Amino acid sequence: MVSEAEKYKAEDEEAASRISAKNGLESYAYSLRNTTQDEKVAGQLDADDKKKLEEAINSTISWLDESQEASKEEYEEKQKELEGVANPIMTKMYQAAGGAPGGAPGGFPGAGGAAPGGFPGADSSEPTVEELD
């Protein structure tokens with residue numbers, strides 16, 4: 001009975017970590033999408049960068065819709081791919097807006113700097129666009 005409980009505990013922990021990775025990716029993708037749709041941000045993005053970022057976001061969201069049972073590693077890899085597209089674009093935008101992310105108009109999510117780069121969704125404790133408005 002004890003060994004059976006330990007077996008289920010391990011399975012539960014594995015499922016919880018998979019769901020956490022999925023939720024993290026969803027949160028990051030939707031936060032980025034909301035940020036790019038904000039008029040204050042959209043006006044500061046280069047048209048090519050905005051298109052590239054929107055395509056990456058939409059691709060990730062579509063993948064999420066089709067991959068409800070992906071592994072933790074697959075969700076984490078997909079988040080790294082999206083970050084690889086988003087981080088350089090967001091950094092470029094922040095720099096063009098006056099240097100430090102906190103100095104950018106509109107108060108971007110994640111601007112507190114607690115997360116690496118301070119980008120939306122990089123740290124779940126950061127406020128969302130809705131919370132900042």
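D49 lies in helix α3 of this predicted model. D49 has a relative accessibility of 14%. This value is under 20%, so D49 counts as buried.

The side chain of D49 makes a polar contact with the side chain of K92, at 2.9 Å. Along the chain, D49 and K92 are 43 residues apart. Their C-alpha atoms are separated by 9.6 Å.

Two packed helices are described by the angle between their axes and the distance between the axes. Helix α3 spans residues 47-66, and helix α4 spans residues 72-96. The two helices pack at an angle of about 165°. Their axes are 10 Å apart. The angle is over 145 degrees, so α3 is roughly antiparallel to α4. The crossing of α3 and α4 is left-handed.

Residues from both helices make the contact. On the α3 side, they are D49, K52, L53, A56, I57, T60, W63 and L64. On the α4 side, they are E74, Y75, K78, L82, V85, A86, I89, M90 and K92. By class, the contact of α3 with α4 has 11 nonpolar residues. It also has 5 charged residues and 1 polar residue.

Notes. Residues are numbered from 1 along each chain as its sequence is written. This is a predicted model: local features need pLDDT of at least 70, side-chain atom pairs count only at pLDDT 80 or more; totals for chains, interfaces and linings use all residues. Side-chain values use heavy atoms; hydrogens and water are left out. Axes are lines fitted to C-alpha atoms, for helices over the stretch in contact, and angles run from 0 to 180 degrees between N-to-C directions. Helices (H or I, at least four residues) and strands (E, at least two) are DSSP runs, numbered from the N terminus. Angles under 35 degrees count as roughly parallel, over 145 as roughly antiparallel, 65 to 115 as roughly perpendicular and the rest as oblique. A crossing is left-handed if the near helix is turned anticlockwise from the far one by less than a right angle, and right-handed if clockwise. Contact means heavy atoms within 4.5 Å. Ala, Val, Leu, Ile, Met, Phe, Trp, Tyr, Cys and Pro count as nonpolar, Asp, Glu, Lys and Arg as charged, and the others, Gly among them, as polar. Buried means under 20% relative accessible area, exposed over 50%, partly exposed in between (1.4 Å probe, protein chains only). A polar contact is a pair of N or O atoms within 3.5 Å; within protein, one must be able to donate a hydrogen and the other to accept it, and residues adjacent in sequence count only if both atoms are side-chain atoms.
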